[in-house]
Amino acid sequence: MGISLADLDRWDPGSIRGVATATSNRAIHFRDVAHNQGAIIAKLEWEGASKEAAVARAQAISNSLLKHADECDQAARDVASAASEVESVKSEWTRIQRMADRWGITIDIATSSLSSFHSTDPEQEAENERHLQIVHDAIVDLLRRADSADQHLAKAVGNATSEMTDGDSAESPVAPDPIQKRNQIDAFRRTFGRDPVTVSDWETAAALDPHSYNPKNKGVEANIVVARITPVPGQGVVRTNLFIPSKDVWAPALELPPFDNDHLLPYDNNVGDNRGFSPYTGPEDSRVAIYTDFENGIIVARQNPSVNADTGQVRAGTPDVSAVQQSNGAVLLRYNAADPFSPGGEAPAKAIPFSVNGTLGISPGVDGPRVGGEVTTFPALEIYGDRGGTTTPLLQSWPSLTDDASGPMLGLLPHKAVGDGTVITSFNSVIPQFEPPQLGPVHSPHSVPIAPPMSIVPPGNFTPFGPATGGEAPVIRTFTPLQGTEFLPSP
């Protein structure tokens with residue numbers, strides 16, 4: 001039996017997110033237990049076979065606890081994803097109700113029936129019938145989506161409930177599916193020559209795996225580019241996601257006027273990511289995902305496939321990404337990614353730029369990384385830091401102008417500052433402007449500045465990323481910003 005309007009009305013996304021939070025907290029708890037046990041074992045002072053046996057047993061228990069924590073994290077991500085689907089369905093239900101109210105249509109939730117006032121005017125009655133049909137079709141489509149979301153939710157909550165009582169089922173933190181796990185291992189091995197072991201390894205393995213597992217992408221792979229950086233141990237993985245919040249968005253159509261009868265408007269509908277902020281999303285759940293792995297010394301940027309809802313075509317664009325790194329480990333990224341269905345291709349869209357583009361800085365610190373930059377006002381941006389078994393939101397920025405289908409039309413040209421602005425400015429060199437000495441006689445006294453004026457010089461020579469397959473990944477240029485005091489004589 002499918003979801004009814006009454007069922008839909010009772011759905012509470014907040015309680016669903018509560019399950020995700022509880023499962024995530026369980027993961028944190030088991031990691032703490034594993035780490036505390038490791039600290040205790042490290043303090044053992046006796047030697048011999050008995051100590052070796054105790055250490056081996058403790059390590060096996062720790063590994064089991066960490067594996068269970070990883071499984072809880074995956075379950076939490078699945079539940080959070082299902083909660084986002086429910087929120088989207090509820091939002092659409094609210095929109096339909098408002099539309100019905102505007103047209104004088106009554107929706108009987110108990111019987112799932114529609115009614116409106118009868119008009120003696122034939123034209124008005126025909127208009128009423130048309131409005132009824134629009135609302136009816138919208139509800140049918142919504143209930144179909146609700147059924148799909150309910151199935152996803154049931155599976156996700158079932159897995160989460162199982163993980164709350166059983167910690168010995170899955171084998172990897174991000175890929176319980178054997179095929180997905182094998183693909184991630186292969187992708188990681190091609191880059192590092194070994195299998196993933198740590199949590200950071202598995203996160204990067206997931207980002208490096210180009211396969212699409214969401215049915216909407218029809219098996220079309222993501223395009224991935226990578227570059228090497230100098231590792232900064234202890235800073236974990238910084239996950240940057242750029243995603244479209246709505247179900248779909250308008251995109252300029254490839255067809256030029258005059259349009260045929262089936263395509264009256266100069267745009268197509270591209271499928272969005274249909275979600276809100278979530279620290280549990282995977283690398284396939286955004287339009288562009290950039291993973292900065294400070295532990296393994298690599299940055300992975302991927303552009304996931306775009307789906308044209310009108311034509312059914314699926315195509316993946318290729319992101320243009322480059323970076324520099326300071327000697328203190330801070331990284332400055334430039335990215336530019338365009339709709340692969342853009343008229344004339346991606347290159348013109350990137351050049352205008354009518355694209356998702358910006359500059360982001362990530363600066364390691366004792367308390368974890370800080371981030372800041374300048375980005376297009378659309379789409380949504382979220383950045384999370386994963387280190388020491390804990391995920392910390394570093395930046396969340398919602399589209400500034402609109403988050404509906406018109407988002408790309410209105411939000412891809414203007415930019416906005418996000419996060420900690422000092423992260424970007426820390427990459428600038430401050431260089432004095434030395435003036436040439438004055439020639440000829442000086443007939444009157446004049447003031448002499450104590451210090452010359454300074455010029456602010458942004459970093460140059462960004463290193464472009466290269467393909468994830470074939471050859472060695474480019475190594476990001478490392479530099480130290482110059483400061484004006486270095487050029488001035490000692491007092």
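Tutor: Strand β13 (residues 356-363) and β14 run antiparallel and are joined by 6 bridges. Strands here are DSSP E runs of at least two residues, helices are H or I runs of at least four, both numbered from the N terminus, and two strands pair if DSSP finds at least two bridges between them. This is a predicted model, where local features need pLDDT of at least 70, side-chain atom pairs count only at pLDDT 80 or more, and totals for chains, interfaces and linings use all residues. Residues are numbered from 1 along each chain as its sequence is written, and side-chain values use heavy atoms, with hydrogens and water left out.

Student: Which residue in β14 is the bridge partner of Ile362?

Tutor: Val371. The hairpin of β13 and β14 has 6 residues between the strands, and Gly368 there takes a positive phi near 110 degrees.

Student: What else does β14 pair with?

Tutor: Strand β17 (residues 415-419), in the antiparallel sense, over 5 bridges. Lys416 in β17 stands opposite Val375.

Student: How many residues of β14 are buried?

Tutor: 5 of the 7 residues of β14 (residues 370-376) are buried, so the strand is largely enclosed by the rest of the structure. Buried means under 20% relative accessible area, exposed over 50%, and partly exposed in between (1.4 Å probe, protein chains only).

Student: OK, cores. Which residues touch the most other members in the largest nonpolar core?

Tutor: Leu333, Tyr335, Leu381 and Phe465, out of 32 residues. Strand β12 (residues 331-337) gives the most to this core, with 4 residues. A nonpolar core is a set of buried Ala, Val, Leu, Ile, Met, Phe, Trp, Tyr and Cys residues joined through side-chain atoms within 4.5 Å.

Student: What is Tyr335 in contact with?

Tutor: Leaving aside neighbours within four places in sequence, its contacts (heavy atoms within 4.5 Å) include Leu242, Ile290, Val356 and Val375.

Student: Back to strands. What is the order in the open sheet?

Tutor: The 7 strands run β16-β15-β4-β7-β8-β3-β21, with antiparallel pairing. β16 (390-397) and β21 (466-467) stand at the edges with a single partner strand each, so one side of each is left without a neighbour in the sheet.

Student: And how many bridges between β4 and β7?

Tutor: 6, between β4 (residues 237-243) and β7 (residues 288-293), in the antiparallel sense. Val237 stands opposite Asp293 in β7.

Student: Last one: is Leu410 buried or partly exposed?

Tutor: Leu410 is partly exposed, with a relative accessible area of 47%. Helix α8 (residues 407-411) contains Leu410.
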